[in-house]
Amino acid sequence: MPPVQILFIIIAAATLGAALMVVTTSNLVHSALWLVVALFGIAVFFILLDAAFLAVAQVVIYIGAIAILMIFAIMLTRKMVKNPSPQFNTNWAWGIVISVVFFAGLFWMLNSWPGVNTSMPALGPNINPVVDLGEALVSPDAYVLPFEVASVLLMAALVGSIFIAWNRK
Amino acid sequence: MGDPITLIANWLSGLLTGWGLAPWLVTLIMSVIGIVAIATFVLLVDIFLVWVERKVVARFQDRLGPNRLGPFGLIQPIADVLKLLIKEDITPEGADKIIFNLSPIIALATVILLWGVIPLSPTILGSDINVGVLFIVAVGAFSTLGIIMAGWASNNKFALLGAFRTVAQLVSYEIPMVISLEVPVLLARSMGIHTIVNSQNVWYIVIAPVAGLLFFISSIAELGRTPFDLLEAESEIVAGFHIEYTGMKFGLFYAGELLHALTVSALFSSLFLGGWRGPFADQIPLLGVVYLFIKSFFIYFVIMWIKYSFPRIRIDHMLAFNWKFLTPLSLSVLIMTAILSKVLQGVSQPVYILTMLLANIVIAWITLTIVRRYAHVQRKQFTEFRPVAVPEKAQVTTTNP
């Protein structure tokens, strides 16, 4: 087994374990911190795939912005930390069935795809993924339209949040 | 010649390969040795920083500072470390033990992590990743997380207040910092810090002084140093997030804060002051380390100078200063630099530098004019109404019981 594969298994186990802790821990702040661990595990996956930009963006956006705001919101609600609600409701058996079926479907689908057994091709010395990604985001025959639509959507969200928070006097 | 570190690294990796180890194992061992070496070096500098900080603040406050142990009190920091190590380690009741103990480690580790991407000299550098600048921002996110964890886990209302202030301050000051970091990225056409240093034939502080100043101000806010030290304001919330920490756990926070200041100085030097560049640095790489540290310590001195001469800024002023001043200014500087660097493609070097400098001066002048006008309006507003107790207007009731 090549070392990258061993690393992959360790990181995958850690990420899945952290993800499981997110939903089973009764303390809300703890589960938010476990979420940080799980998100960081995803960032390590991106590094294993030679996608450094995606890895760092994952950390900046998901840990630097989303997780911190979550923890901030949880810290403001003391009562929820002190009196946790039960972790399982009556539908937990159905949840297991659905996730097992979903996992089996994904497994079968990926197994029938020929690309699953090929190893990752190495990047050439003259390939700069960051530059390629940047150019693809603004070139008209690549992703300029989705990029602009997403920007407009974010702009609308910004304007909307200011409108809600505006104190008219 | 002049580069013993690369020499030792090459010799060691040759030796390990000669022992018949697999190439990936050799890379792993060399990386671990490199990480341990750079972290140890940085932490040793950190012990020295305590002495520098105490000596400089003493001069600012017209005192002598530590002067008993060793020449110029140089052994004092070692005595301090020993004192912190043998102090009683208290975990407050009701504290979240794991998170409480984890957060000082995160606070110091994130700072050391930043040294991985700062090129110390043309050949001595931790890692030349092509997203170096974004990596700095990502690590900053983790240091915010460490402070929040400390504030929450302490089970103390002042610590929690400190954590709240931290989120408000660090998250908002991240925006002008990231935008002003874009300017050197734009000028060097790369996010790798090594490439940015290499392309600084002229220091970027000359080409983009406004962006440099913005990065400097917002990184002082990220440090949480005066005038932005609201997260540990002693007179308001006692000591903020690290109120409950004792002994070496407090020491880690303190060391992290001092080292973070030096790290920010080194980053500023790398991005705007040419990093290791200087006379003969290309021939003798060890000289590059010396140049980088001279520049960094100069910036470190400026940070201390600001720290010990400015009063603390009020919290609403802190947020208003960020959102109404720094963010619009950094956005306009970024847009101006982007347009100019596209327009000026192909012109000769002196014309390029002069135009960039001139554009920066124009932006600074316009900003100052707007600020002056705003201040004028504000001053008028506050001087017109002066609520003074006037005898005929005051309703004096003279009823003697």
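How much space lies in the largest cavity? In this predicted model, the largest cavity holds about 170 Å³ of space, and the count of cavities of 30 Å³ or more comes to three.

**The largest cavity and its lining**

The lining of the largest cavity is made up of 14 residues, and those that lie nearest its centre are Leu114(B), Ile136(B), Met177(B), His260(B) and Val264(B). Two or more lining residues come from each of four elements of chain B, namely helix H4 (97-114), H5, helix H9 (209-223) and helix H11 (247-272). Among the contributors, H5(B) provides the largest share of the lining, with four residues. Sorted by class, the residues that line the largest cavity are eight nonpolar, five polar and one charged.

**The chain that supplies these helices**

Chain B has 14 helices and zero strands, so that term by term, from the N terminus on, its elements run α-α-α-α-α-α-α-α-α-α-α-α-α-α. The C-alpha trace of chain B spans about 105 × 65 × 40 Å along its principal axes.

| Helix pair | Axis separation | Angle | Crossing |
|---|---|---|---|
| H2(A) and H5(B) | within 12 Å | roughly 160° | left-handed |
| H9(B) and H13(B) | 10 Å | about 145° | left-handed |

The pair between the chains joins helix H2 (residues 28-48) of chain A to helix H5 (residues 132-153) of chain B, whose axes cross at roughly 160°. H2(A) and H5(B) are therefore roughly antiparallel to each other. Their contact is made on the chain A side by Val29(A), His30(A), Leu33(A), Val36(A) and Phe40(A), and on the chain B side by Phe142(B), Leu145(B), Met149(B) and Trp152(B). By class, the residues of this contact of H2(A) with H5(B) are eight nonpolar, one polar and no charged.

Within chain B, H9(B) packs against helix H13 (residues 315-343) at an angle of about 145°. From H9(B), the residues Val210(B), Ala211(B), Leu214(B) and Ile217(B) meet Phe321(B), Leu326(B), Leu329(B), Ser330(B) and Val333(B) of H13(B). The contact of H9(B) with H13(B) likewise comprises eight nonpolar, one polar and no charged residues.

Terms used. Residues are numbered from 1 along each chain as its sequence is written. Chains are lettered from A and ligands numbered from 1 in the order in which they are written. This is a predicted model: local features need pLDDT of at least 70, side-chain atom pairs count only at pLDDT 80 or more; totals for chains, interfaces and linings use all residues. Side-chain values use heavy atoms; hydrogens and water are left out. Axes are lines fitted to C-alpha atoms, for helices over the stretch in contact, and angles run from 0 to 180 degrees between N-to-C directions. Angles under 35 degrees count as roughly parallel, over 145 as roughly antiparallel, 65 to 115 as roughly perpendicular and the rest as oblique. A crossing is left-handed if the near helix is turned anticlockwise from the far one by less than a right angle, and right-handed if clockwise. Contact means heavy atoms within 4.5 Å. Ala, Val, Leu, Ile, Met, Phe, Trp, Tyr, Cys and Pro count as nonpolar, Asp, Glu, Lys and Arg as charged, and the others, Gly among them, as polar. On a 1 Å grid over the protein atoms alone, a cavity is a set of points where a 1.4 Å probe fits but cannot get out, and a pocket is an open set with protein on both sides within 12 Å along at least five of seven lines; lining residues have an atom within 4 Å of a point. Grid points are joined across faces, edges and corners, and a volume is the space filled by probe spheres set on the points.
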